[in-house]
Amino acid sequence: MNKKEDRQVVFEEMLRPQLRPLYAFMYTLVHDRDAAEDIVQIASLKAWKHFGSFDQAKSFKTWLFAIGKNSAFDYLKKKKTIPFSAFQDDEDSPLERVADESALPDEVLEREDIREAMTLALEQIPEKYRIILELAYREDFSLKEIAEILGEPYNTVKSQHYRGIRALRTVLEKSP
């Protein structure tokens, strides 16, 4: 193999495990399966194009998600819609999957109830908080990584995370 082929293999090995989480995040941003797939492809191509300038000391996942977020925002600007209005009530949504298939039926029902309550509560908080909570708790990004993805100062993300938790708690306490 030559140097270019080695670079491609490394890129593909780094990209492959990130495709599903990236798709889930893009779907959260645009609420459209086809658009989310297209944006993942666009982000992947942009990442490949700029892979030579990627700082190996940083997180590839964080870098890729930042590219994805920017690509999604570009898509939404072109579409001229307001994103994040609500989670679609969709059986195939990655947000609706039950993590433990071997759980007892009553446990599954309880988890589904909790998941449904959380989804409804998330719909009622401001989108800037929702994005941060999604990245932190569904995608397992640190607040520092979220700040990089969103292009915001760390302290801003930290305070918005705290406010998001408070807003979510308030909504949950008010729900029956």
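Helices and strands here are DSSP runs, a helix having at least four residues and a strand at least two, and they are numbered from the N terminus. On that basis the chain has eight helices and zero strands, in a model that is predicted. Read from the N terminus, the elements follow the order α-α-α-α-α-α-α-α.

**The chain as a whole**

- The chain has 176 residues, and buried residues make up 39% of them.

**Helix 1 against helix 3**

- Helix 1, which covers residues 3-15, packs with helix 3 at an angle of about 140°, and the axes of the two helices are 11 Å apart.
- Helix 1 is oblique to helix 3 because the angle between them is about 140°, whereas an angle would have to be over 145 degrees to count as roughly antiparallel.
- The crossing of helix 1 and helix 3 is right-handed, and the contact is made on the helix 1 side by Arg7, Gln8, Phe11 and Leu15, and on the helix 3 side by Ser44, Ala47, Trp48 and Lys49.
- By class, the residues in this contact of helix 1 with helix 3 divide into four nonpolar, two polar and two charged.

**Helix 6 against helix 7**

- Helix 6 (residues 127-137) and helix 7 (residues 143-150) pack at an angle of about 130°, with 10 Å between their axes.
- Helix 6 and helix 7 are therefore oblique to each other, and their crossing is right-handed.
- The contact is made by Ile131, Ile132, Leu135 and Ala136 of helix 6, together with Ile146, Ile149 and Leu150 of helix 7.
- The contact of helix 6 with helix 7 has seven nonpolar residues, with no polar and no charged residues.

**Aromatic pairs and a cluster**

- The structure holds eleven aromatic pairs, one of which is formed by phenylalanine 11 and phenylalanine 60 in an edge-to-face arrangement, at 6.1 Å centre to centre and with 85° between the planes.
- This pair links distant parts of the chain, since phenylalanine 11 belongs to helix 1 and phenylalanine 60 to helix 4, and the two are 49 residues apart.
- Phenylalanine 11 counts as buried because its relative accessibility is 5%, which is under the 20% cut-off for a buried residue.
- Phenylalanine 60 is also buried, with a relative accessible area of 7%.
- Phenylalanine 60 forms an aromatic pair with phenylalanine 51 as well, again edge-to-face, at 6.3 Å centre to centre and with 85° between the planes, and both phenylalanine 51 and phenylalanine 60 are buried.
- One aromatic cluster is formed by Phe11, Trp48, Phe51, Phe54, Phe60 and Trp63; of these, Phe11 and Trp48 also take part in the contact of helix 1 with helix 3.

**Threonine 62 in helix 4**

- Threonine 62 lies in helix 4, which covers residues 60-79, and at 1% relative accessibility threonine 62 counts as buried.

- Arginine 33 is found in helix 3, which covers residues 33-49, and arginine 33 is partly exposed, with a relative accessible area of 34%.
- Arginine 33 and tyrosine 23 are ten residues apart along the chain, and their C-alpha atoms are separated by 8.7 Å.
- Methionine 118 has its place in helix 5, covering residues 105-123, and counts as partly exposed because its relative accessibility is 27%, a value that falls between the limits of 20% for buried and 50% for exposed.
- The C-alpha atoms of methionine 118 and valine 171 are separated by 9.4 Å, although these residues are 53 residues apart along the chain.
- Not counting residues up to four places away in sequence, methionine 118 touches Leu168 and Leu172.

Notes: Residues are numbered from 1 along each chain as its sequence is written. This is a predicted model: local features need pLDDT of at least 70, side-chain atom pairs count only at pLDDT 80 or more; totals for chains, interfaces and linings use all residues. Side-chain values use heavy atoms; hydrogens and water are left out. Buried means under 20% relative accessible area, exposed over 50%, partly exposed in between (1.4 Å probe, protein chains only). Axes are lines fitted to C-alpha atoms, for helices over the stretch in contact, and angles run from 0 to 180 degrees between N-to-C directions. Angles under 35 degrees count as roughly parallel, over 145 as roughly antiparallel, 65 to 115 as roughly perpendicular and the rest as oblique. A crossing is left-handed if the near helix is turned anticlockwise from the far one by less than a right angle, and right-handed if clockwise. Contact means heavy atoms within 4.5 Å. Ala, Val, Leu, Ile, Met, Phe, Trp, Tyr, Cys and Pro count as nonpolar, Asp, Glu, Lys and Arg as charged, and the others, Gly among them, as polar. Rings of Phe, Tyr and Trp (its six-membered ring) pair if their centres lie within 6.5 Å; planes under 30 degrees apart count as stacked, over 60 as edge-to-face and the rest as tilted.
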